[in-house]
Every structure is written in structure tokens, then in C-alpha cells.
Amino acid sequence: MGNRQGALTDMTQITRDFRGQWMQQEPMSRHTTWKIGGPADLFAIPADEADLAGLIRRCREKGIPWMVVGNGSNLLVADKGIRGVVIHLGRAFSDRRLDDRRLTAGGGCALSGLARFAVRAGLQGLEFACGIPASLGGAVAMNAGAHGGAMENIVRWVDVIDDEGRIRRYRGEEMDFAYRHSRLQREKAIVVRVGMELRWGDREALERWMEEKLALRRKSQPLEFPNAGSVFLNPPGSLSAGQLIEEAGMKGFAIGGAQVSERHANFIVNRGGATAADVLALIDAVRARVLATCGIELQSEVRVIGDSGGQVDGGGTEDSHQRG
């Protein structure tokens, strides 16, 4: 109890020079697309890069764990919440600027909005992201992709603030991009700015293409319920994770308030009142059934964070540090 009180006192102290917004015991269910998650000890929205860097340095000095959450997609927060500081990049990190075919944007930008911004300017290369509910920083950290496109194809450089509060720049070829992977999944760093290079395209054709993909998404995905997007990575082979789950007879299977979507088997939806424990139990049940019936072990792409007896998981890449 004494250690717990001491930790809360330390966190109050680190906000003294903080110029942004902060809340104590903020329910993370307000900040995840699953609408699930217990409270964070401290939820902070920095005023600018200097404010963010200072907060990270004070966390380091006090030994307080931290992490960044973007749009809260592909993220499951434990029912007991998060011990430490959760950082969210708000409007101060949502600037965007065009210079010919070069697009520079803040890590807090909504990826789908940025895709529309680029298309309105007649630029091609980011339209694949029109339906991805992630922040730009999170999309870079997990090398988000869809419809044959991916962040690795357009990112030229990434500015991050590391766990010592220093700004560093990585060139695109230094990001170690791979399928749903980048170096930011193993490093403690927050994406604050991204430089992308696009190409000129036909604006009207790009807009039609995006509307077709969004219509398909609305038809095939359970958007009427809170969800976190695809739960499992597609394994090598001809069948997708969703097809394997359907073949295993798990479509519609439910535990508590969590259910394998009846519309898309690679989605788990919150039918109302679902807990993180419900979702984790359902993920385990699906994985076990697919392994037993199809002989394939599915890998989850959902990052699980929070208090399961420890502290903040990692402290790093959005939604890992910046997923979502």
C-alpha cells in the first residue's frame, strides 16, 4: 500500500512542469476501439514535443513506466488497468504539410483522414489506408497495410523521441519493415513525425477506388460493434485466418460479452459488457480449436497491455508504443 501511494505521489510530481492535459485513473475503455480496459494511473496529452520529451525524462528519473496509445485499435487493456503513465498524442501532433509529392505529418494524425487528405491533393500511395482506424505513428510502428499497400512503401523517414527524451531520425531503410513489423516494436520510442513520398495520380479515380473499398469494408466487417480489427495474422498458405476460424466452427462462438463475429470470423466483437478476460479466453479457445481441426497455430496481432500483476507492458511503441 505504501509503495502504491509512493508511486502515485511520484506521478503527481512529474506533472508539475507538464503543460499538457492529464487525468488520473482515466478509464482506458474510453481510449480503445474495443471499449474495454481498466483505469490508467495517469493519462497525459503533451502540449508539444518539448513537453513530451520532458515528461519521458521525468518518468525515467522516477522509474515510472510509460507507454503511448494512439487510436486504441489492435489493443487490449487489462481489466485492472495500467500502472504508470499512458501518453496520447493529441492535436499538437496532428499537423500535416505537403511539399510537391512529399507529405510530412505528425504521429498523432488519424491515418484514414491523412489518406483522404493525400487523395484530395491528387496524390497516390496512401489510399490503401482509408479504412484503417489507426494513428499515423501506430501505423508506422506496425507497418500497417491493406489492399496490397503498406506503410513501408511510402515512408522515407521517421522522427521519434526515445526513452531518454531525445529526438532521433530513422531513414525508411533503417526501420526494419516487414509484414506488420518494424524496429519500433522492440524499441522504446514514440513516433512524433513522419516523412512520406507519394506519386501523382488521378484524383477522381482514387476517390472512386477508396469509396469502393470503404463500401466493401462496411459490408464485410462488423462495424456496428466495438472491435479491434483483425485479431489473428494470416498464416502462410492459401487460407486466411478468418477462413480457418470459420472452418473450425468458431464463427459466432462467445464467451461472456465477447463473440467471434458472425460477419467476419477474424473479428472479435464486444456485444456489450465484454471484459479483457472474456476476450483473452475467446482468443485462446479459437486458437486451440483451429490447431485441433486444421493443424495450424494462429498468431494474435493484438497487443495485450496492463496490470496482470506487473506494470506497464513495455513502454514503447504506440499501442506497442503506437499501435492504433
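Predicted model: local features only at pLDDT ≥ 70, side-chain atom pairs only at ≥ 80, totals over all residues.
Local features need pLDDT of at least 70 and side-chain atom pairs count only at pLDDT 80 or more, while totals for chains, interfaces and linings use all residues. Residues are numbered from 1 along each chain as its sequence is written, and side-chain values use heavy atoms, with hydrogens and water left out.

The largest nonpolar core has 34 residues, and those with the most contacts inside it are Leu126, Leu136, Val140, Met151, Leu184 and Met196. Such a core is a set of buried Ala, Val, Leu, Ile, Met, Phe, Trp, Tyr and Cys residues joined through side-chain atoms within 4.5 Å, where buried means under 20% relative accessible area (1.4 Å probe, protein chains only). Its largest share, five residues, comes from helix H3. A second, separate core of 24 residues includes Ile245, Ala248, Ala258 and Ala265.

Helix H3 also packs against helix H5 (residues 203-220), at an angle of about 155 degrees and with the axes 9 Å apart; these axes are lines fitted to C-alpha atoms over the stretch in contact, and angles run from 0 to 180 degrees between N-to-C directions. The two helices, H3 and H5, are therefore roughly antiparallel to each other, a term used for angles over 145 degrees.

Further along, three strands form an open sheet in the order E15-E16-E17, with antiparallel pairing, and two strands pair if DSSP finds at least two bridges between them. Strands E15 (254-255) and E17 (268-270) stand at the edges, each with a single partner strand, so one side of each is left without a neighbour in the sheet. Within the sheet, Val260 stands opposite Ile268 in E17.

Notes
Buried < 20%, exposed > 50% of the residue type's maximum accessible area, 1.4 Å probe, protein only. Helix = DSSP H or I, 4+ residues; strand = E, 2+ residues; numbered from the N terminus. Parallel < 35°, antiparallel > 145°, perpendicular 65-115°, else oblique.
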